[in-house]
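The following exercises concern a single protein chain.

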Amino acid sequence: MPFATTDDGIRLHYEETGTGVPLVFVHEFGGDHRSWEPQVRHFARRYRCVVYAARGYPPSDVPAEPERYGQHRAVDDLVAVLDAIGADRAHVVGNSMGGFCTLHFGLRYPGRARSLVVAGCGYGAHPGAREEFRAEFESLAAAFETDGPAEVAKWYGYGPARVQFQNKDPRGHAEHVAVLAEHDPVGAALTIRGVQMTRPSLYDLRPELAAMEVPTLIVAGDEDDGALEADLMMKRTIPRSGLVVLPKTGHLANLEEPELFNHHVERFLAQVDHDRWSARDPRSPYPSSR
């Protein structure tokens, strides 16, 4: 079982499949490295696919100190995985918490990013929702500590932006809930408090996003209400970005609609690899039909 070792001594489990240009997947809070199986099976035919478990997610290490979790730390962990596989640059795909990590990776390490796919990213980012978001997630962290992940999975796995997955694919959704039920309670609670609750609002990062030149594909489900507004803001702000909105889809687009997700990501990667994903034409962002 291969591990990458971070600069603070944490071991991160990772898996590789396929050969070619590296394509790294960063998982969401409710999943883990297994949550990208539909993508690995598809893209390993053309790319060197890498998945890894974030710190706090076994079989990666679960540090017990709160200060060892954070958004910057999550990005540095991604870099540690790239270093472990010997990749100077990679395409990076992330969903939700992994989407935030992917976006911050592009901001902090643009020279190491071939491209970014930022999916399901934006929950809690709107300035008017920050305090409500923090209160909700503190309750979630406490539930992991007091009730345990198996109990939390019974309701968190059926949230407003996850029921779409259950309705379309009950078997796949059951597998997702089973992964959630296996979370480490310490790692989950510290990830919530250290990464999700303390990360900066995307709206406060608009100057940095406007200066980022990394090719970016933003993927949203049209029923993922917590992320849609932020996704539109990112599309209007990041110069070399495009936005895909999948209909009747919630928060787990890569699992809920794997064929559509893979199709759009594959087209994006092909355009980037052929240097055809340019910045937005400066004539287009104006409220005029002329």
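**Exercise 1: The chain as a whole**

In this predicted model, residues 24 or more positions apart account for 76% of the contacts in the chain with a separation of 6 or more.

Task. Determine whether the radius of gyration of the chain agrees with that of a compact globule.

Solution. The chain has 290 residues, and a compact globule of that length would have a radius of gyration near 19 Å. The chain has 18 Å, and therefore the value agrees. Along the principal axes, the C-alpha atoms fill a box of roughly 60 × 40 × 35 Å. Of the 290 residues, 55% count as buried. The chain contains 12 helices and eight strands.

**Exercise 2: The largest nonpolar core**

Task. Identify the element that supplies the largest share of the largest nonpolar core.

Solution. The core has 38 residues, and those touching the most other members are Tyr 52, Leu 78, Leu 103, Phe 105, Leu 202 and Met 234. Elements that each supply at least two residues include strand S2 (11–17), helix H3 (97–108) and helix H10 (225–237). The largest share, six residues, comes from H2.

**Exercise 3: A helix pair**

Task. Describe how helix H5 (residues 149–156) and helix H7 (residues 170–181) cross.

Solution. The two axes come within 8 Å and cross at roughly 145°. The crossing of H5 and H7 is right-handed. On the H5 side, Pro 149, Ala 150, Ala 153 and Tyr 156 meet Val 177, Leu 180 and Ala 181 of H7. The residues of this contact divide into seven nonpolar, no polar and no charged.

Technical notes:
Residues numbered from 1 in each chain as written. Predicted model: local features only at pLDDT ≥ 70, side-chain atom pairs only at ≥ 80, totals over all residues. Heavy atoms only, no water. Axes fitted to C-alpha atoms, helices over the stretch in contact; angles between N-to-C directions. Helix = DSSP H or I, 4+ residues; strand = E, 2+ residues; numbered from the N terminus. Left-handed = near helix turned anticlockwise from the far one by under 90°. Contact = heavy atoms within 4.5 Å. Nonpolar A, V, L, I, M, F, W, Y, C, P; charged D, E, K, R; others polar. Core = buried A, V, L, I, M, F, W, Y, C linked by side-chain atoms within 4.5 Å. Buried < 20%, exposed > 50% of the residue type's maximum accessible area, 1.4 Å probe, protein only. Rg over C-alpha atoms; globule rule 2.2 N^0.38 Å.
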